[in-house]
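This report describes a structure for a reader who is new to the subject. Please keep the sequence and the 3D view at hand while reading.

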Protein chains: 2
Amino acid sequence: MTLGDPAGIGPEIITAAWRTLRDSGPAFVVIGDAACLEAAGAPAQRLSRAAGAEAAFGAALPVIDLPLPQRATPGAPSPLAGPSIVRWIEAAVSLALAGDIGAVVTAPIAKASLYESGFAFPGHTEFVGELTRNAPTPGARGPVMMLTAQDLRVALVTIHEPLARVPHLLTQERIALSGRVLAEALRRDFGIERPRIAVAGLNPHAGESGAIGDEEARIVAPAVATLRAEGIDVRGPLPADSLFHAAARVTYDAALCLYHDQALIPVKMLDFWGGVNVTLGLPIVRTSPDHGTAFDIAGKGLARPDSLIAALRLAAEIAERRRATALA
Amino acid sequence: MTLGDPAGIGPEIITAAWRTLRDSGPAFVVIGDAACLEAAGAPAQRLSRAAGAEAAFGAALPVIDLPLPQRATPGAPSPLAGPSIVRWIEAAVSLALAGDIGAVVTAPIAKASLYESGFAFPGHTEFVGELTRNAPTPGARGPVMMLTAQDLRVALVTIHEPLARVPHLLTQERIALSGRVLAEALRRDFGIERPRIAVAGLNPHAGESGAIGDEEARIVAPAVATLRAEGIDVRGPLPADSLFHAAARVTYDAALCLYHDQALIPVKMLDFWGGVNVTLGLPIVRTSPDHGTAFDIAGKGLARPDSLIAALRLAAEIAERRRATALA
């Protein structure tokens, strides 16, 4: 687990997650600033390698200590922390690529602080994609962002893009690749033998047979046809407004959404506190909570660890499933 | 109540709504083809004027009979019905403008059939707006579409537009007018003395301070400032994905959404069967169910009247509130 922005709610929710999971697991080791976790109330145990973390986990919060140049203040993000935040992510990904840890769970970062350090990625998803680019992965390569909340899984074709750019970014190839990565991840990481995927339309009523926009006919439907020709059980484009109520959700294993809010509105309605972000199509397992740094409440004891705990559990499940498959 | 497309589920859900409401009310009269309702199992009573409808309602379904040129077949829409469908809407609006009926509730129409009759409107909302254009109305004039579902009310700045057009259609004036119509309707039609309005952003995270799109700063925020200067309690632009969970919904009386699916995804998740569409800012009261003609299940006895019944009840409530205010 990376510490994320040390001025955000990361240190306190990591500490809370450790208290919840110390007996049951899954065990984790934090890559970050140990003093920052101690300030949040955690009994940190400094380790030089990940190997000892599982044994230590019941008694203390294991930390691979890569200290900040300056003490962090909750609620007051500083660009001085930027290089450390980036280094923690790089270190965690390296450990995962080396097989020393089973998965990476990232605590929230704030892009504004990182841009000053020259960090040029829209977020963790793209950065972790870049860091793992040269490692081999079976099947189609992501990163594709998935979010899970209760009985809903959604994957996104575009993520942090201005809405006006979305129609221009959508291509048959991009949608088909996202669908392919999603189908493979549902099999490999979620154990669904024959996953069913529902693809959302872009326009109201999925374009209403061309009366309200042509992207469905021109881009989405051909991508769906491509995926079907590959043997994937996929339907769409379907009207997005009718795709997320309870009776609709039981008809698919994951929805493929074309833009951020189309996916995030349903996720946050279903489970505002416990949603999990999973990066699909990588050689390593990576999850995170689906919320931000919440600087406004950092250090006040108000932040809920639900989403982080769910992210840790899901990361452990996926890692275990990949391990079992590799051994089989 | 207009009959809507006679080949859709209108006749059967109107008949079912009459059975549910015949004892309790609200009473209604159908403007449409009486034979079509009889074919759906309703004991129709033909009336020449709306005045007798309330007295007849307990024993029979009152109908002002404006017959189709040709018998309708459930599930097989015909452009021959187009002129009648349009005429029924015009007749209902005329009766409402004359004060002969308290509200208009419209059953679903299918635009494809109507376009052949030269019907040039995206839907009921715009057509009823046009039909009532010359009648005086207090305050800001719509039409603005609102949808209600459980504890959520959402109003839309743009409705049936291709998503690619939405960023170009948004202006400060358009958002401010929609907000003004919404605020007045919440007071006048919903009895909320000091309505609280939350305005959604367009981009992911409402633009994240300009990092993901500039429409929030350039268009939405100035419109919100204009409305605040007029004394309206309005906040925004707010991230759309965090606007619709239960804890967020209690903080406002209505959300103002910028495009169709931003509003309709939450509505249909909360209440897929019982959502109601209300047209705000008109001299007359108009509601409708929030679903379509459902030709695929028409005549099979599968259609649920929940949304239509909710639309009838809400229309009666709003009409009663306007009447009480006018008398006060």
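## Cavities

The second largest cavity has a volume of about 30 Å³. The model is predicted; local features need pLDDT of at least 70 and side-chain atom pairs count only at pLDDT 80 or more, while totals for chains, interfaces and linings use all residues. Residues are numbered from 1 along each chain as its sequence is written, chains are lettered from A and ligands numbered from 1 in the order in which they are written, and side-chain values use heavy atoms, with hydrogens and water left out.

A cavity is a set of points, on a 1 Å grid over the protein atoms alone, where a 1.4 Å probe fits but cannot get out, and its lining residues have an atom within 4 Å of a point. Grid points are joined across faces, edges and corners, and a volume is the space filled by probe spheres set on the points. The structure holds 2 cavities of 30 Å³ or more.

The lining of the second largest cavity includes Ile159(A), Glu161(A) and Tyr259(A), together with Leu202(B), Asn203(B) and Pro204(B). By class, this lining has 6 nonpolar, 2 polar and 2 charged residues. Here Ala, Val, Leu, Ile, Met, Phe, Trp, Tyr, Cys and Pro count as nonpolar, Asp, Glu, Lys and Arg as charged, and the others, Gly among them, as polar.

The largest cavity has a volume of about 50 Å³. Among the residues that line it are Pro138(B), Val181(B), Arg188(B), Gly281(B) and Arg322(B). Helix α8 (residues 172-188) of chain B gives the largest share of this lining, 4 residues. Helices (H or I, at least four residues) and strands (E, at least two) are DSSP runs, numbered from the N terminus. By class, the lining of the largest cavity has 4 nonpolar, 1 polar and 4 charged residues.

## An enclosed strand in chain B

Strand β10 (residues 276-280) of chain B is largely enclosed by the rest of the structure, because 5 of its 5 residues are buried. Buried means under 20% relative accessible area, exposed over 50%, and partly exposed in between (1.4 Å probe, protein chains only). Val276(B), Val278(B) and Leu280(B) point one way from β10(B), whereas Asn277(B) and Thr279(B) point the other way.

Which strands are joined to β10(B)? Strand β5 (residues 144-149) of chain B runs antiparallel to β10(B) and is joined to it by 5 bridges; two strands pair if DSSP finds at least two bridges between them. In this pairing, Val144(B) stands opposite Leu280(B). Strand β11 (residues 286-289) of chain B is also antiparallel to β10(B), with 4 bridges, and Val278(B) stands opposite Thr287(B) there. The hairpin of β10(B) and β11(B) has 5 residues between the strands, and Gly281(B) in this hairpin takes a positive phi near 80°.

## The sheet of chain A

In chain A, an open sheet of 8 strands has the order β4-β11-β10-β5-β6-β9-β7-β8, with mixed pairing. Strands β4 (104-105) and β8 (233-238) of chain A stand at the edges with a single partner strand each, so one side of each is left without a neighbour in the sheet. Strands of a sheet pair through backbone hydrogen bonds, either parallel or antiparallel. A parallel pair is formed by β6 (residues 152-156) and β9 (residues 254-257) of chain A, joined by 3 bridges. Within it, Val154(A) stands opposite Ala255(A).

## Backbone details

The peptide bond from Gly25(A) to Pro26(A) is cis, with omega near 0°. Pro26(A) is placed in the loop between α1 (10-21) and β1 (30-32) of chain A. The bond from Gly236(B) to Pro237(B) is likewise cis, with omega near 0°, but Pro237(B) is placed in strand β8 (residues 233-238) of chain B.

Gln150(A), a residue other than glycine, has a positive phi near 50°. Gln150(A) lies in the loop between β5 (144-149) and β6 of chain A and is exposed, with a relative accessible area of 59%. Glu208(B) has a positive phi near 45° and is partly exposed, with a relative accessible area of 24%.

## How the two chains are related

How values were computed. 1 Å grid on protein atoms, 1.4 Å probe; cavity = no way out; pocket = protein on both sides within 12 Å on 5 of 7 lines; lining within 4 Å.
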